Amino acid sequence: MIMLRLPLGIYAANCYILGCPETKKACVIDPGGEHTKILDALKLHDLTLEVIALTHGHMDHIGGLAELAKATGAQIAIHSGDVDMLEDPRINLSGSMGGGEISLKADRIL
């Protein structure tokens with residue numbers, strides 16, 4: 001298994017990339033920002049992003065989510081208890097944490 005830790009975003013939240021060396025499929029956990037660094041790491045290891053999993057929906061964990069999902073076509077997955085947080089900028093704090101408001105829909109509810 002390939003496992004990478006990238007501290008990203010203005011709060012240096014840990015983002016993880018998990019990849020299979022045989023299938024080259026990958027999962028990204030908590031893309032807090034700087035989506036280009038995630039894309040660079042995926043490319044370096046020749047990985048194809050299948051899913052983006054979120055531990056929760058606060059801004060420091062979703063800051064790079066929209067750009068990463070758009071660039072890769074990966075599905076977004078979040079726990080059912082955090083769906084509102086992902087969709088509502090007032091709850092995910094994106095409007096008050098130094099960035100633009102983020103409101104996204106998950107493809108998979110866990």
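The following legends describe close-up views of one predicted model.

Because the model is predicted, local features need pLDDT of at least 70 and side-chain atom pairs count only at pLDDT 80 or more, while totals for chains, interfaces and linings use all residues. Residues are numbered from 1 along each chain as its sequence is written, and side-chain values use heavy atoms, with hydrogens and water left out.

**View 1**
Strands (E, at least two residues) and helices (H or I, at least four) are DSSP runs numbered from the N terminus. Two strands are said to pair if DSSP finds at least two bridges between them.

**View 1. The hairpin of β1 and β2.**
Strand β1 (residues 2–8) pairs with β2 in the antiparallel sense over 7 bridges. Leu8 has Ala13 of β2 as its bridge partner. The two strands β1 and β2 form a hairpin with 4 residues between them, and Gly9 in the turn has a positive phi of about 80°.

Buried means under 20% relative accessible area, exposed means over 50%, and partly exposed lies in between (1.4 Å probe, protein chains only).

**View 2. Met3 in strand β1.**
Met3 is found in strand β1 and is exposed, with a relative accessible area of 58%. Not counting residues up to four places away in sequence, Met3 touches Ile17 and Leu18; contact means heavy atoms within 4.5 Å. Met3 and Met59 are 56 residues apart along the chain, and their C-alpha atoms are separated by 23 Å.

**View 5**
Strands β2 and β3 (residues 25–29) pair in the antiparallel sense over 4 bridges, and Tyr16 has Ile29 of β3 as its bridge partner. The hairpin formed by β2 and β3 has 5 residues between the strands. Lys24 lies in the loop between them and has a positive phi of about 70° although it is not a glycine. Lys24 is partly exposed, with a relative accessible area of 28%. Glu34, in the loop between β3 and α1, also has a positive phi, near 50°, and is a residue other than glycine. Glu34 counts as partly exposed at 35% relative accessibility. Most residues other than glycine have a negative phi.

**View 3. The parallel side of the sheet.**
Strands β4 and β5 pair in the parallel sense over 4 bridges, with Ile52 standing opposite Ile76 in β5. Strand β5 (residues 75–78) and β6 run parallel and are joined by 2 bridges. The bridge partner of Ala77 in β6 is Arg108.

**View 4. Helices α1 and α3.**
The axes of α1 (residues 35–44) and α3 (residues 65–72) come within 9 Å and cross at roughly 40°. The two helices are therefore oblique to each other. Angles under 35 degrees count as roughly parallel, over 145 as roughly antiparallel, 65 to 115 as roughly perpendicular, and the rest as oblique. The contact is made by His35, Ile38 and Leu39 of α1 and by Glu67, Leu68, Ala71 and Thr72 of α3. Axes are lines fitted to C-alpha atoms, for helices over the stretch in contact, and angles run from 0 to 180 degrees between N-to-C directions.

**View 5. The largest nonpolar core.**
The largest nonpolar core has 26 residues, and those with the most contacts inside it are Ile17, Ile38, Ile52, Leu54, Leu65 and Leu86. Such a core is a set of buried Ala, Val, Leu, Ile, Met, Phe, Trp, Tyr and Cys residues joined through side-chain atoms within 4.5 Å. Not counting residues up to four places away in sequence, Leu54 touches Asp30, Pro31, His61, Ile62, Leu65, Ile76, Ala77, Ile78 and Leu86.
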